[in-house]
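Please find below a colleague's note for a reader who is new to this structure. The points follow the sequence and the model shown here.

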Amino acid sequence: RAHQTMVIGAADTEIAELLQIELNAPTAEATCVVVDDQGIAIYVAEIVYRGDCIKFDIELTSKPF
């Protein structure tokens, strides 16, 4: 099983410096967890993306039109 949560946020001082963006610039903060068949987390990541590098493409219906 794999699960990702994404929250739209703003760059604090540390993130702004690391990503070379302005303070309070938009960001997407993601947490990704991969769990094996026994329920053990085998991969956990906390990622911050620059706002200018994000694109959402989400299918909102079960069948395409």
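Predicted model: local features only at pLDDT ≥ 70, side-chain atom pairs only at ≥ 80, totals over all residues.

1. Which residues does A45 touch beyond its neighbours within four places in sequence? With those neighbours left aside, A45 is in contact with A30, T31 and C32. As for A11, it stands 34 residues from A45 along the chain, and the C-alpha atoms of the two are separated by 18 Å.

2. How many bridges join strand 1 to strand 2? There are 9 bridges between these antiparallel strands, with strand 2 spanning residues 26-35. Within strand 2, A28 is the residue that stands opposite I8.

3. I8 also has a part in a feature of the surface. Together with F56, I58 and L60, I8 makes a nonpolar surface patch of about 490 Å². One of these residues, F56, is found in the segment that comes after strand 3.

4. Charged side chains deserve a separate point. Side chains of opposite charge can pair when their charged atoms come close. The count for this model is 1 salt bridge. In a salt bridge, the side chains of R50 and D52 meet at 3.0 Å, N to O. R50 has a relative accessibility of 27% and therefore counts as partly exposed. D52, by contrast, is exposed, because its relative accessible area is 56%, a value over the 50% limit.

5. Q20 lies in the loop between helix 1 (13-19) and strand 2. The phi of Q20 is near 55°, which is positive although the residue is other than glycine. Is Q20 buried or exposed? With a relative accessibility of 70%, Q20 counts as exposed.

6. N24 lies in the loop between helix 1 and strand 2. N24 is not a glycine, yet its phi is positive, at about 70°. The relative accessible area of N24 is 56%, so this residue is exposed.

Note on methods. Residues numbered from 1 in each chain as written. Heavy atoms only, no water. Contact = heavy atoms within 4.5 Å. Pairing = 2+ DSSP bridges. Helix = DSSP H or I, 4+ residues; strand = E, 2+ residues; numbered from the N terminus. Patch = residues over 30% accessible without salt bridge, like charges linked within 9 Å, V, L, I, M, F, W, Y side chains within 5 Å. Areas by Shrake-Rupley, 256 points an atom, 1.4 Å probe, with all protein chains shown as cover. Salt bridge = Lys/Arg side-chain N within 4 Å of Asp/Glu carboxyl O. Buried < 20%, exposed > 50% of the residue type's maximum accessible area, 1.4 Å probe, protein only.
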